Amino acid sequence: MDLGTRPRSTATLLSELRAGVRDREALVIREWTGIVAWASDHVVTGPEGAATITEGYLDTGIPIAGHGAPLVSEFALMELVAVLGRTPDGGKPYVGRVIECAWRLPHVYDAVLAGRLAPWRAERIADLTHGLSAEAAAFVDRQLYDATGVGWAQLERLVAEAVSRFDPETAEAERQRAADRRHFDIGDVDEHGLVHLDALMDAADGHDLDQAVARRAEVLGRLGDDSTLDVRRSKAAAELARADLALDLLIPDPDTGEVVATVSGRKVVLNVHITDTTLTGQNPVGRWEERRCPISSAQIREWLRSKDTTIIVRPVIDLADH
């Protein structure tokens, strides 16, 4: 498409775009230094420093960065946000991130001013450190002396380490809250007789489960199962479940440890309804009672062929009730 421009080489075009990026970042850095200078002039240390009253409201300092960063005048902040051309909802967090870097993350701030770190990356770091104590934020900042090669996953691990080092009680409380979200759910059956699993587990439990599934999937392959590894892993998880349900459970006395009761293992029971037309191939659909859903006759055949399956056939006598 001819836009009326003179043809330029790709190298020239990219050079112009890169120059534009540098100019834009230079303007952002200039804006950051202006915000820091503004914050220095509008620090509120207490009620005596916030004597301005507008329409009956006392202009007090508000915290928009982490602990240790200065409180700034709320009224002056609204004026600054308007000058920056931002909304209050977006402008206050933006100014807070700049103050977070300047006062609590000096290495990160210096990297931005020197052009070694893009401002948007520094803002992301500030978001992660906002809730940390002053000591924890300083620890993160020291580790980020050269933040150019730090990925987000590494940064999140670094923040987690800082919390554990300098605020272990908070770290433990957060760990307990996270552990309470553990679950293991099995979804609804789809039209192909398959279900999705959704789980959140302890890391060690997840590792052990992964190792057990991987081991059994490898054994299935050696025994001649030519399915893909993913399919064999799925089958392996099912075999682990069946093996567990077949075990006898020993119940010990809580004081002596002596076995006082035994709960025998049980087999998994699937109640599947089929008709004579299903057996002859005329009707390819059956019904799985436990999940109250239709199941293809091919799926039923696969279930019946599973290892150690016992088949019990019970004819329906009174069709009026079924």
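**View 1. Helix 5 against helix 7.** The crossing of these two helices, helix 5 and helix 7, is right-handed, a term used when the near helix is turned clockwise from the far one by less than a right angle, with anticlockwise giving left-handed. This is a predicted model, where local features need pLDDT of at least 70 and side-chain atom pairs count only at pLDDT 80 or more, while totals for chains, interfaces and linings use all residues. Residues are numbered from 1 along each chain as its sequence is written, and side-chain values use heavy atoms, with hydrogens and water left out. Helix 5 covers residues 119-129 and helix 7 covers residues 152-166; they pack at an angle of about 30°, with axes 10 Å apart. That makes helix 5 roughly parallel to helix 7, since angles under 35 degrees count as roughly parallel, over 145 as roughly antiparallel, 65 to 115 as roughly perpendicular and the rest as oblique. Axes here are lines fitted to C-alpha atoms, for helices over the stretch in contact, and angles run from 0 to 180 degrees between N-to-C directions.

**View 2. The residues where helix 5 meets helix 7.** From helix 5 come Trp-120, Arg-121, Arg-124, Ile-125 and Leu-128, and from helix 7 come Trp-152, Leu-155, Glu-156 and Val-159. Contact means heavy atoms within 4.5 Å. Sorted by type, the residues of this contact are six nonpolar, no polar and three charged. (Ala, Val, Leu, Ile, Met, Phe, Trp, Tyr, Cys and Pro count as nonpolar, Asp, Glu, Lys and Arg as charged, and the others, Gly among them, as polar.)

**View 3. Helix 6 against helix 7.** Here helix 6 (residues 134-143) meets helix 7, their axes coming within 9 Å and crossing at roughly 140°. That makes helix 6 oblique to helix 7. This crossing, too, is right-handed. Look for Glu-135, Ala-136, Phe-139, Val-140, Arg-142 and Gln-143 on helix 6, and for Leu-158, Val-159, Glu-161, Ala-162, Arg-165 and Phe-166 on helix 7. The contact of helix 6 with helix 7 has seven nonpolar residues, one polar and four charged.

**View 4. Cys-101, tucked into helix 3.** Cys-101 belongs to helix 3 (residues 88-104). With a relative accessible area of 0%, Cys-101 is buried; buried means under 20% relative accessible area, exposed over 50%, and partly exposed in between (1.4 Å probe, protein chains only). Not counting residues up to four places away in sequence, Cys-101 touches Trp-32, Pro-106, Val-108, Tyr-109, Ala-122 and Ala-126.

**View 5. Glu-123 on helix 5.** Back on helix 5 we find Glu-123, which counts as buried at 16% relative accessibility. Setting aside neighbours within four places in sequence, Glu-123 is in contact with Trp-32, Tyr-94 and Arg-97. Val-108 sits 15 residues from Glu-123 in sequence and 9.7 Å from it in space, C-alpha to C-alpha.

**View 6. Leu-197 on strand 6.** Leu-197 lies in strand 6 (residues 197-200). Helices (H or I, at least four residues) and strands (E, at least two) are DSSP runs, numbered from the N terminus. Leu-197 is exposed, its relative accessible area being 54%. Beyond its neighbours within four places in sequence, Leu-197 has Phe-184, Asp-185 and Ile-186 in contact. Phe-184 and Leu-197 are 13 residues apart in sequence, with their C-alpha atoms 7.4 Å apart.
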